[in-house]
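Dear colleague,

I am passing on the structure we spoke about, and below it you will find my notes on what came out of the analysis. Please read them with the structure open beside you.

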Amino acid sequence: MMLTKILLLDTIDKVRDFVDIANTKDYKITLKSGDTIVDGKSIISVFSFDLTKPIEMEAECKSGFELSRQIDRFVLK
């Protein structure tokens, strides 16, 4: 299953918290902004984005329920 969400990681704390959550998962999580795709588990890579803009997240997981619950505060609504 591919879980896709649009996130707003517009503060240092949000980036750190998201990466901390991503690093607890045993599946691939990627972030995309424009044509750039990075590893969602790499804080340095996430900081390469313009954090004032929404970021697309894709997670290759069996069930996205737990991850969705954990990242809900970052999801652009």
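A salt bridge is counted here when a side-chain nitrogen of Lys or Arg lies within 4 Å of a carboxyl oxygen of Asp or Glu. Please keep in mind throughout that this is a predicted model.

On that criterion, the side chains of Lys25 and Glu66 form a salt bridge, with a nitrogen-to-oxygen distance of 3.4 Å. Lys25 sits in the loop between α1 (12-22) and β2 (29-33), whereas Glu66 belongs to helix α3 (residues 65-71), so the pair ties together parts that are 41 residues apart in sequence. The two partners can also be described by their accessibility: Lys25 is buried, at a relative accessible area of 10%, while Glu66 is partly exposed, at 41%.

How many salt bridges does a search of the whole structure find? The search returns seven, and two others can be described alongside the pair above. Arg16 and Asp17 meet through their side chains at 4.0 Å, N to O; Arg16 is partly exposed, with a relative accessible area of 37%, and Asp17 is partly exposed as well, with 26%. Lys53 and Asp50 are likewise joined by a salt bridge, at 3.9 Å from N to O, and here Lys53 has a relative accessible area of 46% and Asp50 one of 37%, which places both residues in the partly exposed class. Salt bridges with shared partners also link Asp13, Arg16, Asp17 and Arg73 into one network.

The C-alpha trace spans about 30 × 25 × 20 Å along its principal axes. The radius of gyration is 11 Å, which agrees with the value near 11 Å that a compact globule of 77 residues would have.

Among contacts with a separation of 6 or more, 66% are between residues 24 or more positions apart. Buried residues account for 38% of the 77 residues, and the protein exposes about 4,700 Å², of which carbon and sulfur atoms supply 52%.

Conventions: Residues are numbered from 1 along each chain as its sequence is written. This is a predicted model: local features need pLDDT of at least 70, side-chain atom pairs count only at pLDDT 80 or more; totals for chains, interfaces and linings use all residues. Side-chain values use heavy atoms; hydrogens and water are left out. The radius of gyration is taken over C-alpha atoms; the globule rule is 2.2 Å times the number of residues to the power 0.38. Buried means under 20% relative accessible area, exposed over 50%, partly exposed in between (1.4 Å probe, protein chains only). Contact means heavy atoms within 4.5 Å. Accessible areas come from the Shrake-Rupley method with a 1.4 Å probe; for residues, only the protein chains shown count as cover. Helices (H or I, at least four residues) and strands (E, at least two) are DSSP runs, numbered from the N terminus.
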